[in-house]
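Here's a structure to pick apart by its labels.

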Amino acid sequence: MYQIKETRQAGQTILLIPSMMDDHFPLLQYAFHSEEYWPVILENTQGITDQGLRYGHNDMCYPFTLCLGQYLQALASGEYDLDHTALLMPSAGDACRGSNFTSLIRKGLAAAGYPQVPVLTLNVKGLEREQALSIRPDMVWRALFALYYGDLLMLLTHQTRPYEREKGSTDTCRAAWTERLAQDLKTGRGLTLGRMKKNFTRMAAEFAAIPRIGGPKKRVGLVGELYTKYCALGNWDMVAFLEREGCEAAVNGFSWYILYYVDNQIAGTSGPRRTGWKAVSALLAGLQRSMTEALRAHGFCCLDPFPVFRCQAERDMSMNLQVADGWLMGAELAAHLRSGCARVLAMQPFGCLPNHVCGRGQYAALARRFPQGKVVSVDLDSSGSPAQVYNRVKMLLEG
């Protein structure tokens, strides 16, 4: 396994990656390290929307505008040697606009004066093979650990921070665990499945031991497209807003999406490929079950593990909605309502057709099916205002 150095080495190309998953990328970034690349997760936020709109078509989805704006602003900052810098655009490779990001980013770079900066794609569909970042075994192994550790840290943080007696204690615990886990990912030591499961229990125990104050708060489920669900930049810092309003945000883990994606591959393949995808599903589902057991054993909650989650979803909607986040969006909404989370906020980024068709198209029917809950849908786009969205959220919180 490649040993990650503490500093960038001579000859390594800087790999700029847009912020897409706040709880996972601090650990997932180590999967992208190699002898050739030194990854940097972009954190710039001011003015990026205008940059993205200037060099990208305004009919593209909102996540594209933000990602392009982050890239362009970083390249213009003077912090990077443009002859030794590349951009990475992860993509599921599905039939959504995300599959067109790389070609349109290249067009925007050329218009902005950076035609020499390569744009690499990361996907398992074989798109743009000549421009794809090579997927290595050590990358996959590190990503596996970052995926579940990121999920667990997110779920624990969201269920602890609103109740902490000493302000900041949850974030301190989270930072300590992030650093500890980062060291494992850097060195490659301790990356065994047995160690992962032990860490699940230790992490849950430490967060459960943080002193709490106050009674139960209103829980608000957050559902929608991946970027707006997991990135504060994409959802206008919705988790922080809800916590300021005295609520607890409930965001389902990324591993449910990965298992949903694998499930779709199983349904669409046959022969050895189908067998391979089934083996991947069994491994991921087993680890997810261990994670959910550790959560529940220490008084935390989460949606059911994917096999049970999927069986419940079959009763609520069609499994044929497999484009992008497809049936997962409605399934998460229904699961939140079924689990006692009486309020759900559905977030749609402008231009995300799968989200509007597969997600928003189901929300009214699901709200009627679960009359005990309240569902509010909001649009997030460059022409909107956070104040407008926050006002709609406050309507959701009333009563």
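Q: Which residue stands opposite Leu87 in β3?
A: Leu16 stands opposite Leu87. Before going on, note that this is a predicted model, where local features need pLDDT of at least 70, side-chain atom pairs count only at pLDDT 80 or more, and totals for chains, interfaces and linings use all residues. Residues are numbered from 1 along each chain as its sequence is written, and side-chain values use heavy atoms, with hydrogens and water left out.

Q: What makes β1 and β3 a pair?
A: Two strands pair if DSSP finds at least two bridges between them. Strand β1 (residues 13–17) and β3 are joined by 3 bridges and run parallel, so they pass. Strands here are DSSP runs of E, at least two residues long, and helices are runs of H or I, at least four long, numbered from the N terminus.

Q: How many bridges join β3 to β4?
A: 4 bridges join β3 (residues 85–90) to β4, again in parallel. Among the facing residues, Met89 has Thr121 as its bridge partner in β4, and Pro90 stands opposite Leu122.

Q: Why is β3 called largely enclosed?
A: Buried means under 20% relative accessible area, exposed over 50%, and partly exposed in between (1.4 Å probe, protein chains only). In β3, 6 of the 6 residues are buried, so the rest of the structure largely encloses the strand. Thr85, Leu87 and Met89 point one way, Ala86, Leu88 and Pro90 the other.

Q: How do you know whether Arg189 is buried or exposed?
A: Arg189 has 58% relative accessibility, so it counts as exposed. Arg189 lies in the loop between α6 (169–187) and α7 (193–208).

Q: Why does one side of β6 and of β8 lack a neighbour in the sheet?
A: The open sheet has 4 strands in the order β6-β5-β7-β8, with parallel pairing. β6 (247–251) and β8 (374–380) are at the edges with a single partner strand each, so one side of each has no neighbour. Inside that order, β5 (residues 218–224) and β7 (residues 343–349) pair in the parallel sense over 5 bridges, with Val344 in β7 as the bridge partner of Gly221.

Q: What makes α10 roughly antiparallel to α11?
A: Angles run from 0 to 180 degrees between N-to-C directions, with axes fitted as lines to C-alpha atoms (for helices, over the stretch in contact). Under 35 degrees counts as roughly parallel, over 145 as roughly antiparallel, 65 to 115 as roughly perpendicular, and the rest as oblique. Helix α10 (residues 254–267) and helix α11 (residues 271–297) pack at about 155°, with their axes 9 Å apart, so α10 counts as roughly antiparallel to α11.
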